[in-house]
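User: Could you walk me through some packing in this model before I set anything up?

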Amino acid sequence: MFILETLIAITVAMTTAFGGLVAEDLITRDAACTISAVPDLWSPECTSPSRLAWFVGTLAVLITAMAVRAWMIAHNGTLYYLRLLPAESADRMRAAVDVANARSLDFRSATGWFGTNGDVVDLRRAVDHVSDELERAMNDDDDATGYVLAPNLAFPAALAVGYDTLLRERTHLAELPTEARRRRLPGGDTGVRTVYFDDGDDMWAERRWLSRRSRPDSELSMVTLGTGHGPTGRVWLSLQLDGGGAVSEVDAQHPLRAAADLVVVVGPTATTDGVETLRPWALPAGRWYPGASGRQIDRRAFARLVEELSGAVEQVLDDHPEADVLLSGRMPRSVAFALGYVISQRKDDRIEGKRAAHHPTRPDNTRAERAQARAENEGLSSLSRFWSSVTPVLEHLGEAKPALVHAAQRDEVVRRLPVGPAA
């Protein structure tokens, strides 16, 4: 940006100087100068062709530089670094933040650490702090610039912060590399991967939501483990994009998973030697544009993935309306943040292809629960009860613990979840 601003300043001075010389030529020339068409400007009787050429050339450079500056302001804008990690973890994004910040017009941060002691990890205050700081900073920012959000949040926190965030126009999400490039050419690719995640009507507010069952071409598989006989009181739902290992062994070491009545694994899969295994999902990065912080992720592929993930959570809530769902996830940090945001958008809409009359009511239901059941049976997304039915799981240092991250969660339900060894 410094080089571009310098170029603009120089071209402004040169354009002004040569423009003044051209104006002087037109004013001081004799009566032989008649301008009836544009080519007449280049005649020796009216102007000096060399002066006019310099004026037109510097003006073209100035217009181009101003256009590039406007593009960079809209796409780079202010970099927002969001960090909320266990206190025992290392922040490996610091170098990448410095590299990405070199391309940004401004920098804001909302960060914190949290402890993981106890059977349940309560992150509500820390999450509220990050969300409040982000909202305050975005409210104080210049609306003419773009917003680049770089989340480095634990999975439960990413869901909550993304869910509560009100995105602006010209918003991008950034996936920072774990190891920033120490040496790079000026203006070169920094290794940052960004995706356009604007909240405009064409992307989310007016999106046509389809149930997962209405999309036979889903990129992600949904594998159900367990018999499924009898009432389902607890479901372990695992969203896996990092790949690795057999589907049947996903999270098998966690007592929380062993205590579940049903296990559902969602992710891209492949069959190897007759065993269904998880394969990694790679960010679909496209070409790099000069002046950008890094390569652009295909926004349509990214949006489709997040929509599929939210649809998988919705389907589990549809199929098991009375169950407590434990949600774990391994995915890029930007995807987890985007998933929280899309859940908050999808929960307010009707879902096409949703099975009707699938949420029964019971005599002991409250008035609110009966109203919720009727709304879902008429097609409302079951994600409207996401926080009352779903408990995010924090996986850290080989342990999996339920997390309290949002005010809408039921504290008493989360705290009575079994966390010790399975009986």
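Analyst: Here are a few notes on helix packing and on one arginine. The model is predicted, so local features need pLDDT of at least 70 and side-chain atom pairs count only at pLDDT 80 or more, while totals for chains, interfaces and linings use all residues. Residues are numbered from 1 along each chain as its sequence is written, and side-chain values use heavy atoms, with hydrogens and water left out.

User: At what angle do α5 and α9 pack?

Analyst: Helix α5 (residues 155-164) and helix α9 (residues 333-346) pack at about 45 degrees, with their axes 7 Å apart; axes are lines fitted to C-alpha atoms, for helices over the stretch in contact, and angles run from 0 to 180 degrees between N-to-C directions.

User: And which residues of α5 meet α9?

Analyst: F155, A158, L159, V161, G162 and Y163 do, and their partners in α9 include F337, L339 and Y341, where contact means heavy atoms within 4.5 Å.

User: How does α8 cross α9?

Analyst: The axes of α8 (residues 299-319) and α9 come within 9 Å and cross at roughly 60 degrees.

User: Switching topic, where does R83 lie?

Analyst: R83 belongs to strand β1 (residues 78-86), and with 9% relative accessibility it counts as buried, a class that means under 20% relative accessible area with a 1.4 Å probe and protein chains only.

User: What does R83 touch?

Analyst: Leaving aside residues up to four places away in sequence, R83 touches D91, R94, A110, T111, G112, W113, V130, N152 and L153.

How values were computed: Helix = DSSP H or I, 4+ residues; strand = E, 2+ residues; numbered from the N terminus. Buried < 20%, exposed > 50% of the residue type's maximum accessible area, 1.4 Å probe, protein only.
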